[in-house]
Amino acid sequence: MIKIMYPKGKLVTKTGNEIMAEAMRQIEPDVVAAYPITPATEIMQIFSQFVSDGTVKTEYVAVESEHSAMSATIAASAAGARAMTGTSSQGLCLMWEMLYIASGLRLPVVMAEVNRALSAPINIHSDHSDTMGARDSGWIQIYSENSQEAYDNMIQAIRIAELAKLPTLVTTDGFIISHCMEVVEVYPDDDVKEFIGDYKPDRYLLDIKRPYTLGSITLQDYYFEHRYQLAKAMIDAKCIILDVAKSFKKKFGRKYDFYETYMLDDAEIAIIIMGSTSGTVKVVVDELREKGIKAGLLKIRIYRPFPVDQIAKDLAHLKVIAVMDRADSCSGSFAPLYLDIISSFYVSEILNVKIVNYIYGLGGREISTAHIFDIYKTLDKIALGLEKPFKQVEYVNLRKTNE
Amino acid sequence: MVNLRELSKYPERFTGGHRLCAGCGAGIVARQVMISTCDIPVVVTSATGCLEVSTTIFPYTAWKNSFFHSAFENSAATCSGIEAAYKSLKLQGKIKENIKFIAFGGDGGTYDIGLQSLSGAMERGHKMLYICYNNEAYMNTGIQRSGATPKWAHTTTAPVGKMCHGKRENKKDLTQIMIAHDIPYVAQTYVGNWNDLISKVQKALSIEGPSFINVLTPCRLGWNYKTDNIMTVSRLAVDTCIWPSFEFENNIYKINVIPIKKKPVVEFLRIQGRFKHLFKPENIHILESIQRRVDNKWELLKRKAS
């Protein structure tokens, strides 16, 4: 239940898309360029109305494709504007080429991303395949459990992106959050504006007194250093993300971190997950705790940069962990989040925790409390030595034969 | 009519020292376009291609104004993003100057992979000039056929062979496609007539809304002419009427350069290696068909302009 944390805040009822649009209204970027795609379309529809009504000063560019949406957003950012966009699924795929260019040019573009499955077969419902595909593109990725987090994450994303000089995307799970009505605490416009501050780029194309060339070809002599600077910026962004979370807590009262732990301190078995299903897991954890089972949860909020040097340390006391991925990398190996978690354990030299990998919910396949109960039951059996940890991906709620 | 003495008072905004080939038309186009802007502040975008890679090898640049490149197919979308930022910041009083926007693209980045982005930007009415430096093939990657490559030209992906006389298809008429976008100003021009090119650029920049100029731009490597023949080959395109210089403004066509005596198209074709195979005795019918097509299109244009 969302409660007022900021004395000047007020509770409103909005869908995930409505709250994303509301955050964008308060941020009031100089330029927004976007293209419609289910289930993210509403964000831009609502925002366009703000533009038409003169509620925001934003220049809205209704482009002819997502490739052009990202191209125009990048260009507007390079020109000196605070620039935003939004998309989902195939739209993010069409932006792929430009995602790497946004980060390579170190432009603080911010994007509202509504997680949706990828074709083929075509499917409009939620999973994380779209943003997982963009995980190596040099974008900061922030996942939200619910509309409140989506709203708070959007506000923080502006400051993070501009301080880190890295593009940043904030996700919600398609339909589950994007189209679901929830109570959200919103803050007054002026307070949000004060928190994000003005955008003051060091160098920009429209600064005609200091013209410059951006997007040069860099060859064997410089390319490697440029890419290293990007990688380093992603590492340096970790401090920035925590600093912004700290000032957000100070200002608005809500606490944010790389990840949220839930009943984890004394837990023996735990699930690691991201996005809306975290809420379902919390319900199950509560019920298991009532039965005396020491179950816990770790919910990833910041997936990129990944807190590799810290996360395993907070999980070292556990017996068994299930990493639940809502995307399949079809790699013949494991799913993305699992591999990141395993890396953290290995480099932290914590090798006594058993960690298994589940893939769930592709294309919006139902994931209920019953499924989560089953997973905890399996973890419990592994912890008691009754079952061996499986060494390949397990699929949740999947028909494996021609049922 | 442009006054060369006046233009020479302004500093060069596209400098020498870039790495374009000797006998390349792209550098001439870029330099004359930038000269056309006099002292108006401009921001330039470019598609990936010869012009971009040869003029911005890090840490050097040939551009004295702000220049931005991000990818191949999006010069127009990119320019529209910068123009949108300008509109927003100008309205907010954060920018005082009046700035103009110019997008460059080769024919690959304009006729083919960038056509959607160009079409979208023109339809949305961004105040920008798009210049296609059209050398009629993918020259940067090594002379591959494009939608702008003329029929029968030799390219590396539609090569002349035992069973094939080069490209089998006609080029698309992009200038007409742009006219169909109902934008205020569309023109064709060519390298080798600075007055025609600069007049058109200045007119395009003075107009409210989007404009498009298609510049026939010889490529020494792809067209295979002698380096010092660049002006000759380009002017022959206009003198033979295979590439007329004309403009379309307020629904009126105007032919800007009418040859005193229209030359046979073989004069244009003969000095280029890409058409060498057409001069074998057995291919005379192809040369005749090219002449017929040029004649028909020229008559059609003259009717439109009458």
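This is a predicted model: local features need pLDDT of at least 70, side-chain atom pairs count only at pLDDT 80 or more; totals for chains, interfaces and linings use all residues.
Trainee: Which residues of helix 6 of chain B are buried, and against which element of chain A do they pack?

Mentor: The buried residues of this helix are Ser117(B), Leu118(B), Gly120(B), Ala121(B) and Met122(B). Within chain B they pack against helix 4 (75–91), helix 5 (107–112), strand 4 (129–134), helix 7 (174–179) and strand 8 (211–216). The element of chain A against which they pack is helix 3.

Trainee: How many residues of chain A are in contact with chain B, and which element of chain A gives the most?

Mentor: In chain A, 37 residues are in contact with 37 residues of chain B. The elements of chain A that give two or more residues to this side are strand 2 (31–34), strand 3 (59–62), helix 3 (66–79), helix 4 (89–104) and strand 9 (213–214). With 10 residues, the element that gives the most is helix 3 of chain A.

Trainee: How do the residues of the side of chain A that touches chain B divide by class?

Mentor: The classes are nonpolar, polar and charged. On the side of chain A that touches chain B, they number 21 nonpolar, 11 polar and 5 charged.

Trainee: Why are helix 3 of chain A and helix 4 of chain B described as oblique to each other?

Mentor: Their axes come within 7 Å and cross at roughly 45 degrees. Angles under 35 degrees would count as roughly parallel, and 65 to 115 as roughly perpendicular. The crossing is right-handed. The two helices are therefore oblique.

Trainee: Which residues make this contact, and how many of them are charged?

Mentor: Helix 3 of chain A contributes Ser68(A), Ser71(A), Ala72(A), Thr73(A), Ile74(A), Ala75(A), Ala76(A) and Ala79(A). Helix 4 of chain B contributes Ala77(B), Thr78(B), Ser80(B), Gly81(B), Ile82(B), Ala84(B), Ala85(B) and Tyr86(B).

Trainee: In which sense do strand 9 of chain A and strand 2 of chain B pair, and which residue is the bridge partner of Leu214(A)?

Mentor: Strand 9 of chain A pairs with strand 2 (residues 66–69) of chain B in the parallel sense, over 2 bridges. In strand 2 of chain B, the partner of Leu214(A) is Phe68(B).

Trainee: At what angle do helix 6 and helix 8 of chain A cross, and what is the handedness of the crossing?

Mentor: The axes of helix 6 (residues 147–164) and helix 8 (residues 223–252) of chain A come within 9 Å and cross at roughly 135 degrees. That makes helix 6 of chain A oblique to helix 8 of chain A. The handedness of their crossing is right-handed.

Trainee: What is the strand order of the open sheet in chain A, and which strands are its edges?

Mentor: The sheet has 7 strands in the order 3-2-4-5-7-6-13, with mixed pairing. From one strand to the next, the twist averages 20 degrees. Two strands of chain A pair on one side only, and these edges are strand 3 and strand 13 (302–304).

Key
Residues are numbered from 1 along each chain as its sequence is written. Chains are lettered from A and ligands numbered from 1 in the order in which they are written. Two residues are in contact if their C-beta atoms, placed from the backbone, lie within 7 Å. Helices (H or I, at least four residues) and strands (E, at least two) are DSSP runs, numbered from the N terminus. Ala, Val, Leu, Ile, Met, Phe, Trp, Tyr, Cys and Pro count as nonpolar, Asp, Glu, Lys and Arg as charged, and the others, Gly among them, as polar. Two strands pair if DSSP finds at least two bridges between them. A residue is buried if 20 or more other C-beta atoms lie within 10 Å of its own, exposed if 12 or fewer, and partly exposed in between; C-beta atoms are placed from the backbone. Axes are lines fitted to C-alpha atoms, for helices over the stretch in contact, and angles run from 0 to 180 degrees between N-to-C directions. Angles under 35 degrees count as roughly parallel, over 145 as roughly antiparallel, 65 to 115 as roughly perpendicular and the rest as oblique. A crossing is left-handed if the near helix is turned anticlockwise from the far one by less than a right angle, and right-handed if clockwise.
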